[in-house]
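Subject: Structure for you to look at

Hello,

Here is the structure I promised to pass on. Please open it and keep it beside this email as you read.

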Amino acid sequence: MLKTEQLNAAYWLAKVADADRVLLSQQQINTRNNTTFARQPEMTRLADVPQTLSATTLTAIINQASASPEQPRYYADGNAVTTAQWQAYRSNLNSDALPADNPVQFGLVVKRTDLRSMPTTDRVHNEQMALDLDRFQETALFPGEAVAVLHQSRDGKWLLLQNYHYTGWVYSEDVAIGSRQQVLAYSEQTPFLVVTGARAYTSYTPVQPAISELLLDMGSRLPLLTTQDTGHNVHGQNPHASHIVKLPVRNSDGSLDFTPALIARQQDVNIGYLPYTTANVITQAFKFLGDRYGWGHDYDSRDCTGFIIEIYRSFGLLMPRNSGQQGEGSYGQNIRFTADSSHSDKLAAINEASAGDLIYRPGHVMLYLGSDKGEPFVIHSVHDLAYFTDQEAKNDADASPAQPELYQGILNGVAVTPLTPLRLSADSSYLDKIYAIKSLR
């Protein structure tokens with residue numbers, strides 16, 4: 001039974017000894033990131049992207065980013081995507097006549113934008129018609145994020161981009177193209193501001209609408225400017241009560257430029273990364289509590305892995321985008337389970353875990369909060385929800401499936417839940433499927 005007081009970070013932090021102890025210094029975090037990039041093939045340092053790509057290499061990248069699904073896809077009206085419609089999508093990939101050498105460009109994202117597996121705004125769904133889950137939606141990119149520009153769609157409206165952990169299609173007007181040196185240097189500039197709230201916004205300005213009330217997600221990193229750089233009038237406002245950040249903007253020809261923007265000091269931001277402590281991990285997680293679930297960062301929100309990534313980006317820790325890449329990845333300290341691992345083995349390991357550790361089942365990740373009266377609790381961004389209403393029967397392996405009543409519904413948000421009652425079906429629990437616990441300490 002979930003209690004109201006459990007919906008508060010302070011409740012869980014009261015159970016943690018030495019919650020303010022720094023777990024990794026910034027130098028250690030940088031070392032951890034280097035290890036992650038070295039070990040995880042899906043992670044790419046943009047500085048290592050080559051100047052050009054061969055037609056063979058680029059074709060392989062396009063085919064991987066825009067692979068045809070194994071299962072049929074449907075539009076919201078229930079009609080299946082036809083062969084002709086798939087052919088139109090694939091034609092827009094523009095991969096049938098690539099030159100021998102394809103120069104790589106670089107750019108900065110100028111507004112929060114969707115990264116998709118196909119160059120289209122069409123939404124498609126699986127056979128279960130879960131309309132919140134657009135199967136073309138992969139993730140999102142954020143203002144100031146550096147990208148390598150690999151290719152352009154046939155209609156010229158989309159760019160195939162690679163960021164540090166994903167490749168996909170982005171609407172071209174959301175990216176400004178600069179030189180390789182400009183883009184990479186921007187990402188390294190100091191001092192910098194980090195968004196530490198679930199979201200922050202630049203201040204309103206009628207002078208430059210492109211940067212007015214711009215949405216910034218947790219973990220976004222933006223270089224700081226001073227009044228020596230800008231003077232005391234920034235787009236019609238005195239900056240004395242604001243942070244001045246350097247934002248990328250897109251010129252009419254698509255090229256990169258920069259402008260100052262203000263972020264009011266009352267916004268939830270920090271100069272530099274937050275110290276990596278258990279207190280900060282849990283506090284950051286609870287800033288998302290109640291947010292709507294957003295598959296692939298849809299709905300200006302986030303899914304289970306996006307939730308985890310943004311929390312840890314607040315400290316400068318980087319990791320792969322998808323839950324399987326994270327859970328199966330060798331970075332961090334990992335406890336692995338097999339099909340032969342018992343519930344008691346898993347529960348014993350969970351009870352030894354630290355608050356802020358990550359628990360993985362196929363397709364999902366949860367952040368461990370601690371235990372309460374012997375029950376482990378997690379916070380996670382989760383779409384659907386299932387559990388036995390007869391809690392006495394939930395772990396009874398000998399009980400007839402007809403005895404307990406299985407509730408199946410939608411949670412569709414960031415929530416605190418006990419772990420052991422959660423089900424995937426009447427015959428399968430979360431606990432059955434947990435395969436890893438990862439610590440980034």
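About 900 Å³ of space lies in the second largest pocket. Its lining is made of 28 residues, and the closest to its centre are Ser 187, Glu 188, Arg 221, Tyr 273 and Leu 318. Helix H2 (26–39) and helix H5 (180–188) are the elements that give two or more residues to this lining. H2 gives the most, with 5 residues. By class, the lining of the second largest pocket has 11 nonpolar, 12 polar and 5 charged residues.

Please note that this is a predicted model.

Now the largest pocket. Its volume is about 1200 Å³. There are 44 lining residues, and Gln 137, Glu 138, Tyr 166, Trp 295 and Asn 322 are the closest to the centre. Among the elements that give two or more residues to the lining are helix H3 (55–65), helix H9 (323–328) and strand E22 (375–388). The largest share, 4 residues, comes from E22. The lining of the largest pocket divides into 16 nonpolar, 19 polar and 9 charged residues.

The charged end of Arg 135 sits over the ring of Trp 295, 4.7 Å from its centre. Arg 45 and Phe 37 make another such pair: the charged end of Arg 45 sits over the ring of Phe 37, at 4.2 Å from the ring centre.

Next, rings with rings. The structure holds 14 aromatic pairs. One of them joins Phe 288 and Phe 307: the ring centres are 5.7 Å apart and the planes are at 70°, so the pair is edge-to-face. This pair links distant parts of the chain. Phe 288 is in the loop between helix H7 (278–286) and helix H8 (304–313), while Phe 307 is in helix H8, 19 residues apart. Elsewhere, Tyr 11, Trp 12 and Phe 377 form one aromatic cluster.

Last, the salt bridges. Side chains of opposite charge can pair when their charged atoms come close. How many salt bridges does the structure hold? There are 16.

- Asp 298 pairs with Arg 123, and the closest N and O atoms are 2.8 Å apart. Asp 298 lies in the loop between H7 and H8, and Arg 123 in the loop between strand E5 (113–116) and strand E6 (137–141), so the pair ties together parts that are 175 residues apart in sequence. Asp 298 is buried at 6% relative accessibility. Arg 123 is partly exposed at 29%.
- Asp 132 and Arg 292 meet at 3.0 Å, N to O. Asp 132 lies in the loop between E5 and E6 and Arg 292 in the loop between H7 and H8, so parts 160 residues apart in sequence are tied together. Asp 132 is buried, with a relative accessible area of 18%. Arg 292 is partly exposed at 42%.
- Asp 268 and Lys 287 meet at 2.9 Å, N to O. Asp 268 is in the loop between strand E16 (256–264) and strand E17 (269–271), and Lys 287 is in the loop between H7 and H8. Asp 268 is partly exposed at 31%, and Lys 287 is partly exposed at 28%.

There is also a network of salt bridges. It links Arg 112, Arg 199, Asp 217, Asp 291, Asp 300, Arg 302 and Glu 310.

Best wishes

Terms used:
Residues numbered from 1 in each chain as written. Predicted model: local features only at pLDDT ≥ 70, side-chain atom pairs only at ≥ 80, totals over all residues. Heavy atoms only, no water. Phe/Tyr/Trp six-rings, centres within 6.5 Å; stacked < 30°, edge-to-face > 60°. Lys NZ or Arg CZ within 6 Å of the ring centre and 35° of its normal. Salt bridge = Lys/Arg side-chain N within 4 Å of Asp/Glu carboxyl O. Buried < 20%, exposed > 50% of the residue type's maximum accessible area, 1.4 Å probe, protein only. 1 Å grid on protein atoms, 1.4 Å probe; cavity = no way out; pocket = protein on both sides within 12 Å on 5 of 7 lines; lining within 4 Å. Points joined across faces, edges and corners; volume = space filled by probe spheres on them. Nonpolar A, V, L, I, M, F, W, Y, C, P; charged D, E, K, R; others polar.
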